[in-house]
Structure formats: C-alpha cells, structure tokens
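Biologist: Please take one part of this model and look at it closely. I would like to know how it sits against its surroundings.

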Amino acid sequence: MSSNFQFLKKIDNNLFDIITDAEKLYKDEYFEQCMAQTRRFGEQICKNMMQQNNMEIGSFDEMLATLKDQSQGSAQEKEFIDDLYFLKKTGNEAVHSGKVKHEAMTALECLKRSFETALTYSVYNQGASSDILKLNYDVEL
C-alpha cells in the first residue's frame, strides 16, 4: 500500500508505522479507530519533541501546554499546535463516545492534519529537506 507519509519512513520509522496503521484503518472504514490512531501519532510527536529538548514528558495535554508556552508565536507554530490539539480532541471523542459514529470526513480531516503535522515536525524538528513542504495530501492513496 502506498502512503502519503512515505517521507516519514526515513525520518522516524515508528511514527511512520503508527500513521500508516491509521491510513489502513481509514481505508477499511474503521473511522473511529483511525481517529484514535491519529491521536496516538500526535502524542508520539509531542513525546519526541519533549525528549529532544530534554523537557519533562507528561500527559498529552501537559505536553501541548508546554509547547504552546515555548512557542515563539509564528503562524506555523500556531497551526502545528492547533493541529495537535485537534488530533487530541477528536481522538478522545472517538474513544470515549457512547455511540458508534461512522465519521469518514472527520477521520479524513485527522489524516490531513496528521500529514501537515508530520511535514512540520520533519522539517523543523528533524532537519528534513524543506522540499517536502511542497507535498500535498493525496486522498486517492
């Protein structure tokens, strides 16, 4: 199976495995599980960033608050943090919902935001080539 996240395999194979599982869940129409997996992906990105910067790893919410506090206020940082908050919120709602919802569009939005998050993380935290910022999420994959 081809993946929108192929670029990530060379940068962080663990993150690549997590997010490609989410893509497979989406493809098989397990939308809630896909949303939960994208939440896991976002949390792992936060953990990686905290470890890189010798910062304390806490709950996902605590790590996001720390990243927000450390932000320099750029539009790019704001979008990155907003995307991570979206993944957290949506993943939590999918896991804790009392009813099964087949929310394909929400799951797709999670994948798209994960893609943007992965690009930003790869370039600005892992030193990947900025050429990957030109990539677009392909819904056909």
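Modeller: A crossing of two helices is left-handed if the near helix is turned anticlockwise from the far one by less than a right angle. Keep that in mind for helix 3. The model is predicted.

Helix 3 covers residues 31-52. Start with its length. Most of helix 3 is covered, with 16 of its 22 residues buried. Just after the helix comes Asn54, with a positive phi of about 50 degrees.

Now its partner. The axes of helix 3 and helix 5 come within 8 Å and cross at roughly 135 degrees. Angles over 145 degrees would count as roughly antiparallel, so this pair is oblique. The crossing is left-handed. Helix 3 brings residues including Met35, Ala36, Gly42, Ile45 and Met49 to the contact. Helix 5 answers with Phe80, Leu84, Leu87 and Gly91, among others. By class, the contact has ten nonpolar, five polar and three charged residues.

Helix 5 has another neighbour. Helix 5 (residues 75-96) packs on helix 6 (residues 104-126) at about 140 degrees, with the axes 9 Å apart. That makes this pair oblique too. Its crossing is left-handed.

Notes:
Residues numbered from 1 in each chain as written. Predicted model: local features only at pLDDT ≥ 70, side-chain atom pairs only at ≥ 80, totals over all residues. Heavy atoms only, no water. Helix = DSSP H or I, 4+ residues; strand = E, 2+ residues; numbered from the N terminus. Expected span 1.5 Å × (residues − 1). Buried < 20%, exposed > 50% of the residue type's maximum accessible area, 1.4 Å probe, protein only. Axes fitted to C-alpha atoms, helices over the stretch in contact; angles between N-to-C directions. Parallel < 35°, antiparallel > 145°, perpendicular 65-115°, else oblique. Contact = heavy atoms within 4.5 Å. Nonpolar A, V, L, I, M, F, W, Y, C, P; charged D, E, K, R; others polar.
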